Amino acid sequence: MSRYSEQEQIRRDKLSELQKLGITPYPASSFPVDFFADQIETKYGTDKSVVIAGRLMSRRIQGKASFAELMDSTGKIQVYFNRDEICPGQDKKMYNQVYKRLLDIGDIIGIKGTLFTTGVGVKTVMVKSFTLLSKSLRPLPLPKKDADGKIHDSFKDPELRYRQRYVDLIVNPEVKEIFKTRTKITSLIRNFFDQMGYQEVETPILQSIPGGANARPFITHHNALNVPMYLRIANELFLKRLIVGGFEGVYEFAKVFRNEGMDKTHNPEFTGFELYVAYKDYLWMMDTTQELMEYLTNSLFDKTKILIGNQEIDFKAPYRRIPLLGSIEEHTGIDISGMDEQELKKVAADLGVETNEQVGEAKLIDTIFSTFCQKHYQSPTFITDYPKSMSPLTKEHRSNPELTERFELFVAGSEIANAYSELNNPIEQYNRFKDQAILSAKGDDEAMLLDRDFVRSLEYGMPPTSGIGIGIDRLVMLLTDKSSIQEVLFFPQMRPE
């Protein structure tokens, strides 16, 4: 039995026939395209000579003529094949055998022709000659309507779409717009901070000590050095080393890896943006973050009010600011300020939150907040002033030594950004790392490890600094109104087939 489906075998047989006719199905030479579909539709009139290329998406063959649709990177354009235009002499093989019989939907072809407008006003390319550039050996899963108007064979199953993103992009062209918007967002962020004079940099992905966040790392091995290495869980500590080294402001778009669960808002590999600026604090960073979000929405949509789900959200500054512990009290009725770990565990149990010996104060507070408070913050809201146990890299609050100068930005119930007044006291930083070591000894595999070189860098002196991390994937989800992180990643992580 053939390992190919009937349609796949038919296409392979056509491939052989094309080769017997002396036609190379995958030619090596380039094909110099000079126009794209969107240009033809909007910029040019009739009788203009054009050279285009793209994928054959449909055709209606009627004897010696055929209307077809070609799709390139910018969209679709109608093309008209006429046997006598393509084959003006006696030999009609190129039309009768190649076009009518041996080409298939999905094949990539190059066309030379001239523009005209049909009687119903459709801009069309009259084909003078065509070249097969790539033979498609699998049929595209294109939707079809039956007699009752029901659609069949649409490529909508999420798992198939994420596994075969290349097919998804072909048959669901609206998906491409998500990723075009993603590129615009990163370009706008880069422009915003370049205009402020800050430097884009690159820091190591392979690290000997995973630091800068509470997360479980991926572990690998460096053969030449014969040491274990980790894929970075954050780039924070290296960026702050650069502030020590004398840069005023540095930022990086970084691939980050965390060996944790997967759901609609988490992927083990994601893109984080981090920025650190000397001589600033978290209050300045809140103001700057508001300006950035307003700039992004104005640049993308020409307005600050956009529809997310069924709710209109306004990104115009200023945004509400509420302390974390105040938020918990507002939504649970319980003031947890000053409580120790055992008292917090009792509160969590009373609220129905699961606890165990490995769960420390920080995780208890974070779980209570994420369970009872986070969903309420639909409009942009800064949650501020986190307890020290939750923020081992953050400067002590200027008016309350139990808290830190930290905020997180929440929009549509999701965390978008996390920022600090950075801890620059090397002695206190060392002690905070030791507190994390206690959590690690208790079994917390997300606790930070002691990075002695980072402490050493602080001992040379780091100026007062503010830093922020923004989850680019979640930001794109927000601004494209998608509820799943897999929708904004070209190739999300999945279990192997």
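**Close-up views of a predicted model**

**View 1. An open sheet of 8 strands, with mixed pairing, has the order E8-E12-E13-E20-E19-E18-E17-E16.** Its edge strands are E8 (199-200) and E16, each of which pairs on one side only. Two strands pair here if DSSP finds at least two bridges between them, and strands (E, at least two residues) and helices (H or I, at least four) are DSSP runs numbered from the N terminus. This is a predicted model, in which local features need pLDDT of at least 70 and side-chain atom pairs count only at pLDDT 80 or more, while totals for chains, interfaces and linings use all residues. Residues are numbered from 1 along each chain as its sequence is written, and side-chain values use heavy atoms, with hydrogens and water left out.

**View 2. Strands E12 and E13 run antiparallel.** Between E12 and E13 (residues 269-278) there are 9 bridges.

**View 3. Helix H15 (residues 472-480) lies across E12, E13, E18 (406-411), E19 (414-421) and E20 (465-471).** H15 runs at about 60° to E20; axes are lines fitted to C-alpha atoms, for helices over the stretch in contact (heavy atoms within 4.5 Å), and angles run from 0 to 180 degrees between N-to-C directions.

**View 4. Glu252 and Arg232 form a salt bridge, with their closest N and O atoms 3.6 Å apart.** The pair links distant parts of the chain, 20 residues apart: Glu252 sits in strand E12 (residues 249-257), and Arg232 in the loop between strand E11 (227-231) and helix H8 (236-244). A salt bridge is a side-chain nitrogen of Lys or Arg within 4 Å of a carboxyl oxygen of Asp or Glu; by this rule the count comes to 36. Both Glu252 and Arg232 are buried (under 20% relative accessible area; exposed is over 50%, partly exposed in between, with a 1.4 Å probe and protein chains only).

**View 5. Within helix H5 (residues 158-163), Glu159 and Arg163 are 4 residues apart, about one helical turn.** Their side chains meet in a salt bridge at 3.1 Å, N to O. Glu159 is partly exposed at 43% relative accessible area, and Arg163 is partly exposed too, at 22%.

**View 6. Glu294 and Lys316 form a salt bridge, their closest N and O atoms being 3.5 Å apart.** Glu294 belongs to helix H9 (residues 282-301), whereas Lys316 lies 22 residues away in the loop between strands E15 (311-314) and E16 (320-323). Lys316 is partly exposed, at 47% relative accessibility.
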